[in-house]
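User: Hi! Could you walk me through the fold of this one?
Analyst: Happy to. Here is the structure.
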Amino acid sequence: FDFPIEKACQFSLNPVTAYALLSEANVSGKEWLLLTAGNSAVSKMIIQMAGLRNLKVISISRSERDFAELKSLGATATLTDDIENISKSVQEITNGKGVKCVLDSIGGKLITELIKNLAPFGKLVSYGVISSENVDYHNSNLVFKNITIKGFGVDAWLSNLEAEKRTETFDHLISMLENPLFQMPVAARYRFEEFRSAIVDFANAKSGKVVFIPDE
């Protein structure tokens, strides 16, 4: 068994979160999944995991500079978080059907708009609080389409798994992540005694994690 240490040191949080969120989304191949904060580590992992299931993913990010990378990971469509046009753009991409699930770590005005794009029996799963603004919606957005809104925290999700199911989940994740094609970028590697430089690098890292690698 040869699991790369660069992936192992990231295993306990983001990959588990991505796997759990995709399970919560419960999207089929004929439906659409939408991700906010598409350039985040969690979203990039979700895109790759969704690709293994042949799922259609719309990834929203701040800049078009992210589009090429997101599409290379498997995103079906990419959009910027343009509040004025976002809802219309999503409807065009989905041919008016809307999305089955929105996995959101932002909140605020972006979700105020995107909640309109949920398909009948769709689901909004919130797992982050990047925006300080409230999400606003009218009850009609929920009632007439039987929409579900729920929060998500990975610790609570794990605590509800029986021991056998948790082991099964971790084994499946390890098998998925050990594939060299599954990307978990590392921006920089440091020895433990270089922690001061690592902290500075972490604050400036644009893509990938800053990790500590023990001396061999």
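Analyst: This is a predicted model. It has an open sheet of six strands in the order 3-2-1-4-5-6, paired in parallel.

User: Nice. Which strands stand at the edges?
Analyst: Strand 3 and strand 6 (148-151) do; each has a single partner strand, so one side of each is left without a neighbour in the sheet.

User: How many degrees are neighbouring strands turned against each other?
Analyst: On average 15 degrees, ignoring direction.

User: And what about strand 2 and its pairing with strand 3?
Analyst: Strand 2 (residues 56-61) and strand 3 (residues 77-80) are parallel, with four bridges. I60 sits opposite L79 in strand 3. Together with helix 4 (residues 67-73), the two strands form a right-handed β-α-β unit.

User: How many bridges join strand 1 to strand 2?
Analyst: Four, between strand 1 (residues 32-35) and strand 2, again running parallel. W32 has K56 in strand 2 as its bridge partner.

User: Switching to helices: which strands does helix 2 touch?
Analyst: Helix 2 packs on the sheet against strand 1, strand 4 (99-104), strand 5 (118-126) and strand 6. Its direction makes about 150 degrees with that of strand 4.

User: How does helix 2 meet helix 9?
Analyst: The axes of helix 2 (residues 14-25) and helix 9 (residues 163-177) come within 11 Å and cross at roughly 110 degrees. The two helices are therefore roughly perpendicular.

User: Which residues meet there?
Analyst: P15, V16 and Y19 of helix 2 meet T169, F170, H172, L173, M176 and L177 of helix 9. By class, that contact has seven nonpolar, two polar and no charged residues.

Note on methods
Residues are numbered from 1 along each chain as its sequence is written. This is a predicted model: local features need pLDDT of at least 70, side-chain atom pairs count only at pLDDT 80 or more; totals for chains, interfaces and linings use all residues. Side-chain values use heavy atoms; hydrogens and water are left out. Axes are lines fitted to C-alpha atoms, for helices over the stretch in contact, and angles run from 0 to 180 degrees between N-to-C directions. Angles under 35 degrees count as roughly parallel, over 145 as roughly antiparallel, 65 to 115 as roughly perpendicular and the rest as oblique. Contact means heavy atoms within 4.5 Å. Ala, Val, Leu, Ile, Met, Phe, Trp, Tyr, Cys and Pro count as nonpolar, Asp, Glu, Lys and Arg as charged, and the others, Gly among them, as polar. Two strands pair if DSSP finds at least two bridges between them. A crossover is right-handed if, with the strands pointing away from the viewer, the path from the first strand over the helix to the second runs clockwise.
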